[in-house]
Amino acid sequence: METFQNIWNNIKTQLEQSIAEEDFKETFVSISNVFKVVNNNIYLIAPNPFIKSKIDNFWLNRLNGMLSEHLKEKHVFKIITKDQAAEEISKTKEYQINTPEPKLEERFKTGLNNSYTFDNFVVGASNRLAYTSAIKVADQPGEFANPLYIFGDVGLGKTHLMQCVGNYILENDIKRKVLYVKTDQFIEDYGRAAVKKTFEEFSKKYENIDILLVDDIQFLAGKTQSQLEFFKIFERLKEANKQIVITSDRPAPELFDIMSRLTSRFEWGLTVDINRPSLDHRILILKKKLQVETQNPDLIPEEVLEFIASIFDNNVRELEGALKRVLFYCTAFDYKFTVQNAEEALKNLLNSKDISNKSVNNGNYNTVLDVVSSYYRITTSDLLSTKRNKQYVYPRQISMYILKELYDLTYKKIGQLFNNRDHSTVIYSIEQITNDIQIDQSKKDDVDKLLLKCGKKA
Ligand code: ADP
Ligand code: MG
């Protein structure tokens, strides 16, 4: 088998022959050794941060494309600086640069997709607790919370987050045996073992590991034998302090047709949920996806991203699919990234979506402004002004809150509406009202009344 070092040597030669001499000399000539290969990442050392960022921004896609011609399994290059490499070596004293990596075929099969990393996961209010808990679990497997139970609707990032845990653990120690399994695969494995009487192999697969990640546990419903088997595995792993992470589409007590001694155990550790991301959060996710796909988060103008994000509001997978469509459509036909072209690209998807109540227009904003100003007996221009008297500030904050609540406008957009205020002011105002209505019932009643008047469905 070709070694990783040989592969890099070959790619380097190819580069030398195919790119401008200056580029080659400036960027690649000094990169000689493969530093290490961890979890399908091939680490190369750049002499300084400048060259690292140059490669990351301009060359990495091309390098990875070349790499894929050499290897069957998906690997990617990671560029780190000399300093980072030195730091890593000093961290692990026993680390020897010449330690041969296990051969691919001898490696433990993890089932993980290595593109699901914490780096690529965009954090916001809807997933912050889940994210921080997952990091802690990845940092201290078996100690912080066992099991970690993550639930939420489809397409909101459960699988992604769960796999981050596995990838992170492997990144730090490739010898850890991490196993990611979808629940239906577990059921299938068990069924096969039952038919072929190969239980030993089955138990070995599921018990001789350090970390077990089980995705979509709700599919155990009605599968009594598989549940019993999973129960045994759970007990053994838990007793041995091996980390278990479980995802599901609902909280454990609401799992249907799964024995209660299992569901109650799912609550022994920590339960966290993932909710729908806000509009601002969705736009950030789109930017991150652009970064990953094209290395350029600013390729598509903000207003186009906002357009996409305002329509695809309850499933990140669909959101991502829409972005890919727009990318493909505009690149393939060489069109500009405009809202109109995006709309064209998404035409088929839009037909099936009810976008009528999402396309906010000035009429909607004006209703909110009118309703709130007349309720508080002030003029709309005072409402929109920068005057700081209490009689204006409070209704202003309420209007912002209502606009966010009803139309999920971005903070930026709301700021623009109110005399170009900074988005941090808007965030502060909305938080203020959110807190107020939690502690003050009469304020809550006011806000509820206003929301109804502004068109919220009761
Ligand atoms: P689930 O398992 O909850 O159905 P997935 O983890 O499969 O959802 O997520 C669907 C898609 O959305 C994946 O491509 C994932 O990378 C992406 N995704 C979801 N949440 C985020 C996030 N917070 N940041 C980046 N990508 C996300
Ligand atoms: Mg999933």
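Select N315 first: its side chain reaches the backbone nitrogen of R317 at 2.8 Å, a polar contact (a pair of N or O atoms within 3.5 Å; within protein, one must be able to donate a hydrogen and the other to accept it, and residues adjacent in sequence count only if both atoms are side-chain atoms). The model is predicted, so local features need pLDDT of at least 70 and side-chain atom pairs count only at pLDDT 80 or more, whereas totals for chains, interfaces and linings use all residues. Residues are numbered from 1 along each chain as its sequence is written, chains are lettered from A and ligands numbered from 1 in the order in which they are written, and side-chain values use heavy atoms, with hydrogens and water left out.

N315 belongs to the loop between α12 (302–311) and α13; helices here are DSSP runs (H or I, at least four residues), as are strands (E, at least two), numbered from the N terminus. N315 counts as buried because its relative accessibility is 11%; buried means under 20% relative accessible area, exposed over 50%, and partly exposed in between (1.4 Å probe, protein chains only). Leaving aside neighbours within four places in sequence, N315 is in contact with V154, G155 and L156, where contact means heavy atoms within 4.5 Å.

Next, select ligand 1. Which residues are the closest to ligand 1? They are G155, T159, H160, R317 and E320, among 18 residues that surround ligand 1, each with a heavy atom within 4 Å of it. Show distances to ligand oxygen atoms: a backbone N or O atom of G155 lies at 2.6 Å, a polar side-chain atom of H160 at 2.7 Å, and a polar side-chain atom of E320 at 2.6 Å.

Colour the helices α6 (158–172), α11 (279–294) and α13 (316–333); each supplies at least two residues of the shell around ligand 1. Then colour domain 2 (118–273) and domain 3 (279–350): both give residues to this shell, so ligand 1 lies between them. The domain bounds come from an automatic or database domain assignment.

Two loop residues with positive phi come next. Q295, in the loop between α11 and α12, has phi near 65 degrees and counts as buried at 17% relative accessibility. D334, in the loop between α13 and α14 (339–345), has phi of about 60 degrees but counts as exposed at 69% relative accessibility.

Finally, select N146 and P147, which are joined by a cis peptide bond with omega about 0 degrees. P147 is in the loop between α5 (128–139) and β4 (148–152). Most peptide bonds are trans, and most residues other than glycine have a negative phi.
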